[in-house]
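Here is a short briefing for a first look. Start with the picture, then read the points by topic.

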Amino acid sequence: QVQLVESGGGLVQAGGSLRLSCLASGSIVSINAMGWYRQAPGKQRELVARITSGGSTNYAESVKGRFTISRDNAKNTVLLQMNSLKPEDTAVYYCNAIVMQYGSSYYRDYRGQGTQVTVSS
């Protein structure tokens, strides 16, 4: 079994910063891509940022230049540094990882429980 646990959400004023972290644990052989999605009330879930095992990144246009994704492969951790936050960044942020477990020959998609980020104007 694989678990993803996020932390670091909270309430911040517009222009402020938050750092989200996500730890993947369990019977993990390897992790391919890791990333962050978000879902605001009444809106579809959207990709915020993604990073491959080799360190290649991609970002949603709305967060480019403000958010930075990074990962520590040895610790199975992915971070999202969020700067210059805007009220429209308010959402539940979910960690995602493509994981191969022991005893398996294929990768599966896992998601965490989510952490709330609220940006006040």
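Cys95 is buried, at 0% relative accessibility; buried means under 20% relative accessible area, exposed over 50%, and partly exposed in between, with a 1.4 Å probe and protein chains only. This is a predicted model, in which local features need pLDDT of at least 70 and side-chain atom pairs count only at pLDDT 80 or more, while totals for chains, interfaces and linings use all residues. Residues are numbered from 1 along each chain as its sequence is written, and side-chain values use heavy atoms, with hydrogens and water left out.

**The disulfide**

- Cys95 is joined to Cys22 by a disulfide, with 2.1 Å from S to S; a disulfide is a pair of cysteine sulfur atoms within 2.5 Å.
- Cys22 lies in strand E3 and Cys95 in strand E9 (residues 91–101), so the link ties together parts that are 73 residues apart in sequence.
- The link of Cys22 and Cys95 is left-handed, with -80° about the S-S bond.
- Cys22 is buried too, with a relative accessible area of 1%.
- A search of the whole structure finds one disulfide.

**The open sheet**

- Four strands form an open sheet, in the order E1-E3-E8-E7, with antiparallel pairing.
- Strands (E, at least two residues) and helices (H or I, at least four residues) are DSSP runs, numbered from the N terminus.
- Two strands pair if DSSP finds at least two bridges between them.
- Strand E1 (2–7) and strand E7 (67–72) stand at the edges with a single partner strand each, so one side of each has no neighbour in the sheet.
- Neighbouring strands of this sheet are turned by 15° against each other on average, direction ignored; the axes are lines fitted to C-alpha atoms, for helices over the stretch in contact, and angles run from 0 to 180 degrees between N-to-C directions.
- E1 and strand E3 (residues 18–26) run antiparallel and are joined by six bridges.
- Ser7 stands opposite Ser21 in E3.

**The whole chain**

- The protein chain has eleven strands and zero helices.
- Its C-alpha trace spans about 50 × 25 × 25 Å along the principal axes.
- Of the 121 residues in the protein chain, 38% are buried.
- Among contacts between residues at least 6 apart in sequence, 55% join residues at least 24 apart; contact means heavy atoms within 4.5 Å.
- The accessible surface of the protein chain is about 6400 Å², and 46% of that belongs to carbon and sulfur atoms. Accessible areas come from the Shrake-Rupley method with a 1.4 Å probe; for residues, only the protein chains shown count as cover.
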